[in-house]
Amino acid sequence: TLKRLHPELEQPLAQSRVQDSPFLTLAQKKRRFTPEGQLVLDFNGEEAKPVDLPGDQLGRLFLMALEKETLGEWASAKKLYTLILAIKPDHPDALVNLGNILYRLGFPEGAAAHYLKALEGDPHHPEANYNLANILEEQGNLEDAVMLYRRALKREPYFLEACFNLARVLERLGDLQGAQEHWRRYLDLDPQGDWSNYIKRRLRDPHKDPSEDTPPGPPDS
């Protein structure tokens with residue numbers, strides 16, 4: 001368990017000890033950590049007080065997790081994100097990325113729960129709003145999906161995928177004027193992209209059934 005929680009320790013048992021209080025601390029280079037990853041400081045013999053693990057260490061863990069994702073090593077990435085959240089339960093990017101992995105593994109409910117947790121700490125987190133909107137759209141909750149796509153774009157105006165999906169959902173809801181506004185916005189951002197011809201057709205003939213003119217796949221997300 002120590003090795004799993006603190007993979008940087010070479011000899012986790014030799015580097016740990018039990019305090020008089022009923023919890024375990026890890027001793028490393030004269031620093032002590034709780035199993036949750038909090039640094040314990042002794043202020044002149046006073047009762048030890050936990051403080052947050054330094055952000056640069058969390059940052060390194062996060063970069064390691066991203067690298068595992070890039071390599072498609074989902075299980076390893078999942079473990080690293082879980083470790084980050086054991087240390088900092090409200091880490092928004094770790095929550096979102098772990099949610100993405102759960103979605104890939106076929107657990108949309110678990111993914112949605114992680115996106116919602118991320119939004120509790122950062123209501124305008126672009127990816128959390130966008131990914132939760134995707135799930136709501138799949139479930140047929142188009143109105144709430146529109147709200148979340150708009151929120152993602154408010155924080156990140158150049159979020160191409162959110163712009164595209166918002167236009168598409170507005171079409172499904174019958175708001176053709178709103179859809180055209182976002183189709184044009186997409187073309188302003190990416191005038192020569194793979195989807196530009198499709199969007200130009202939607203602008204020319206907004207009343208055409210989109211299912212008759214759907215490209216083979218959505219833009220990269």
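Ala128 lies in helix 6 (residues 126-138), where helices are DSSP runs of H or I with at least four residues, numbered from the N terminus. The structure is a predicted model, in which local features need pLDDT of at least 70 and side-chain atom pairs count only at pLDDT 80 or more, while totals for chains, interfaces and linings use all residues. Residues are numbered from 1 along each chain as its sequence is written, and side-chain values use heavy atoms, with hydrogens and water left out. Ala128 is buried, with a relative accessible area of 0% (buried means under 20%, with a 1.4 Å probe and protein chains only). Residues up to four places away in sequence aside, Ala128 touches Val96, Tyr115, Ala118 and Leu119, contact being heavy atoms within 4.5 Å.

Helix 8 (residues 160-172) is mostly covered, as 10 of its 13 residues are buried, among them Cys163, Phe164, Leu166 and Leu170. These buried residues pack against helix 6, helix 7 (142-155), helix 9 and helix 10. Just after helix 8, Gly174 takes a positive phi of about 90 degrees.

Helix 9 (residues 176-189) and helix 10 (residues 196-204) pack at an angle of about 150 degrees, with their axes 10 Å apart; axes are lines fitted to C-alpha atoms over the stretch in contact, and angles run from 0 to 180 degrees between N-to-C directions. Helix 9 is therefore roughly antiparallel to helix 10, a term for angles over 145 degrees. On the helix 9 side, Gln180, Trp183, Arg184, Tyr186 and Leu187 meet Ser196, Tyr198, Ile199, Lys200, Arg202 and Leu203 of helix 10.

Key: Helix = DSSP H or I, 4+ residues; strand = E, 2+ residues; numbered from the N terminus. Parallel < 35°, antiparallel > 145°, perpendicular 65-115°, else oblique. Buried < 20%, exposed > 50% of the residue type's maximum accessible area, 1.4 Å probe, protein only.
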